[in-house]
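Keep the sequence and the model open beside you as you go.

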Amino acid sequence: ILCGSSMGVNPIFKEKAAELGRVLADNGCELLYGGGSVGLMKIVADVMMKRHRKVIGTITQHLLDMRVGHPEIDELIVVETMAERKKILEDMADGFIALPGGIGTMDEFFEAYVLSQLRVLDKPVALCNVNGYYDGLVSFIHHIAEEGFMRKEHANNLIVSSDPKELLEKMEQFQPADVTKWVVEIKEQVSLDRKSGSAGMPRP
């Protein structure tokens, strides 16, 4: 789970975080998250622990020194850098769900999304779009595809729902997009552009 270290201003964010925790727990999932005892991440972790599901956190020593680590979870992995923290999340997770959050959540979400797009990770990436929080982001991602800077199949492969049950069902049905076709088509376009002398492309 990728989510904010804050609660947000609307109570629905806390309500949906708790609902997501219940859905994950009731479907036999374990939780891997940022290891904090604050914000929406604490809500999800606490709900899953109450339902006796394993909760693993990964946190930097810097954040742990600030006393934001969760002392009650099953396992807390302490690392030195945010890059190490993200690597552990990427390696250990079976999928990624972003609840509403700030810049840190966006950083983790986009790294997972890029790795999924490149087929470095064949794992589903999802947005829990509570109260339309991610409407603007989803619109922009499809705008990127419409403008030709992203394949439409990659934009469509992002899982989006405001309902935790539906989100989990879609993640279970996830199929990665074919990156080979994407790379071949890009190379073919570059070759055609060079032959036609398109503006901005170097001539051989």
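Of the 204 residues of the chain, 45% count as buried (buried is under 20% relative accessible area, exposed over 50%, partly exposed in between, with a 1.4 Å probe and protein chains only). This is a predicted model, in which local features need pLDDT of at least 70 and side-chain atom pairs count only at pLDDT 80 or more, while totals for chains, interfaces and linings use all residues. Residues are numbered from 1 along each chain as its sequence is written, and side-chain values use heavy atoms, leaving out hydrogens and water.

**Exercise 1.** Describe how helix H1 and helix H2 pack.

Step 1. The axes of H1 (residues 11-26) and H2 (residues 39-50) come within 8 Å and cross at roughly 35°. Axes here are lines fitted to C-alpha atoms over the stretch in contact, with angles from 0 to 180 degrees between N-to-C directions; helices are DSSP runs of H or I with at least four residues, strands are E runs of at least two, and both are numbered from the N terminus.

Step 2. H1 passes H2 in a right-handed crossing (the near helix is turned clockwise from the far one by less than a right angle).

Step 3. H1 brings Phe13, Lys14, Ala17, Ala18, Gly21, Arg22, Leu24 and Ala25 to the contact, and H2 brings Leu40, Ile43, Val44, Val47 and Met48; contact means heavy atoms within 4.5 Å.

**Exercise 2.** Is H2 mostly covered or uncovered, and what do its buried residues pack against?

*Solution.* Step 1. Count the buried positions: ten of the twelve residues of H2 are buried, so the helix is mostly covered.

Step 1. Among them are Gly39, Met41, Ala45 and Asp46.

Step 2. Look for the partners: the buried residues of H2 pack against H1, strand S1 (31-33) and strand S2 (55-60).

**Exercise 3.** Where is Gly28, and how far is its C-alpha atom from that of Arg53?

*Solution.* Step 1. Gly28 lies in the loop between H1 and S1.

Step 1. Gly28 counts as partly exposed because its relative accessibility is 45%.

Step 2. Gly28 and Arg53 are 25 residues apart along the chain, and 7.5 Å separates their C-alpha atoms.
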